[in-house]
Amino acid sequence: MKAKTLAISTIVLIVLIVAGATMAWFTTGSPTIANKFNMGSVEVEVVEEDFPDGGYSEVTTGVTYTKNVQVQSIGTKKTYVRVRLVPEWSDPSLPVSNAILNLADNEDWILHTDGYYYFKYYLTTNQLTSKLLEKVTFTELGSEYNGKIFTLKVVAEGVQITHEAWKVVWGLNELPFTPNVLWQGEQP
């Protein structure tokens with residue numbers, strides 16, 4: 001009986017060793033590896049040169065004031081840019097037609113029917129557009145403008161060039177320029 005118990009114990013022990021080794025084989029593995037995917041970014045910034053910190057005071061009829069406006073891509077993705085110029089007086093009842101926006105003398109910007117100026121090229125990181133606006137001139141500033149403040153809001157928007165994102169983001173069916181052309185201008 002002792003021999004039978006010893007034989008059964010030996011068989012059970014062998015089965016447990018084989019099962020344990022098999023389980024160890026199925027449960028071993030390498031350490032976890034983290035794969036990171038950094039998403040690109042689209043970010044644009046309005047750049048104004050030669051504009052006084054506090055603006056211009058004592059604006060006069062017929063005088064032209066420097067207002068250089070460009071846009072810089074500071075994101076990592078290839079980016080299309082559009083700009084809306086919004087002139088307004090501090091008194092909303094005053095017309096803005098007496099503020100003449102003198103656009104830069106180039107063909108890099110296209111005024112679309114939606115009121116935005118579209119830059120014809122895409123930008124890469126840190127590229128700066130050509131100038132859109134260079135000067136502002138005021139005409140017919142009567143006494144009703146005394147003490148009033150003129151503001152020109154420059155609203156710049158950027159969108160990635162891939163996957164026709166401009167269709168969704170800007171609501172366009174087609175771009176007002178030939179797509180996928182890199183801007184060859186200078187970097188700051």
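Visitor: Is Asp-108 buried or exposed, and which side chain of opposite charge is nearest?

Guide: This is a predicted model. In general, side chains of opposite charge can pair when their charged atoms come close. Here, Asp-108 is buried but has no salt bridge. The nearest side chain of opposite charge is Lys-120, 5.4 Å away, and a salt bridge needs the nitrogen and oxygen within 4 Å.

Visitor: What does the side chain of Asp-108 join in a polar contact?

Guide: The side chain of Ser-130, at 2.8 Å. Asp-108 itself lies in the loop between S4 and strand S5 (109-111). Residues that Asp-108 touches include Tyr-118, Phe-119, Tyr-121 and Trp-183, leaving aside those up to four places away in sequence.

Visitor: How many salt bridges does the structure hold?

Guide: Five. One of them joins the side chains of Glu-48 and Lys-67, at 2.3 Å from N to O. This pair links distant parts of the chain, with Glu-48 in strand S1 and Lys-67 in strand S2, 19 residues apart. Glu-48 is partly exposed at 36% relative accessibility, while Lys-67 is buried at 7%.

Visitor: Which residue forms a salt bridge with Arg-82?

Guide: Asp-114, with the closest N and O atoms 3.5 Å apart. Arg-82 is in strand S3 (residues 79-89) and Asp-114 is in the loop between S5 and strand S6 (117-119), so the pair ties together parts 32 residues apart in sequence. Arg-82 is buried, with a relative accessible area of 6%.

Visitor: How should I read the order of strands in a sheet?

Guide: Strands of a sheet pair through backbone hydrogen bonds, either parallel or antiparallel. In this model, four strands form an open sheet in the order S1-S2-S7-S4, with antiparallel pairing. Strands S1 (44-49) and S4 (99-103) stand at the edges with a single partner strand each, so one side of each has no neighbour in the sheet. On average, neighbouring strands of this sheet are turned by 25° against each other, direction ignored.

Visitor: How many bridges join S4 to strand S7?

Guide: Five bridges join S4 to S7 (residues 133-138). Ile-100 has Thr-137 in S7 as its bridge partner. S1 and S2 pair over six bridges, and Val-44 stands opposite Ser-73 in S2. Four bridges join S2 to S7, where the bridge partner of Val-69 is Leu-133.

Visitor: Why is strand S2 described as largely enclosed by the rest of the structure?

Guide: Because eight of the ten residues of S2 (residues 64-73) are buried.

Methods:
Residues numbered from 1 in each chain as written. Predicted model: local features only at pLDDT ≥ 70, side-chain atom pairs only at ≥ 80, totals over all residues. Heavy atoms only, no water. Pairing = 2+ DSSP bridges. Helix = DSSP H or I, 4+ residues; strand = E, 2+ residues; numbered from the N terminus. Axes fitted to C-alpha atoms, helices over the stretch in contact; angles between N-to-C directions. Buried < 20%, exposed > 50% of the residue type's maximum accessible area, 1.4 Å probe, protein only. Lys, Arg positive; Asp, Glu negative; His and termini not counted. Polar contact = N/O pair within 3.5 Å; in protein donor to acceptor, adjacent residues only side chain to side chain. Contact = heavy atoms within 4.5 Å.
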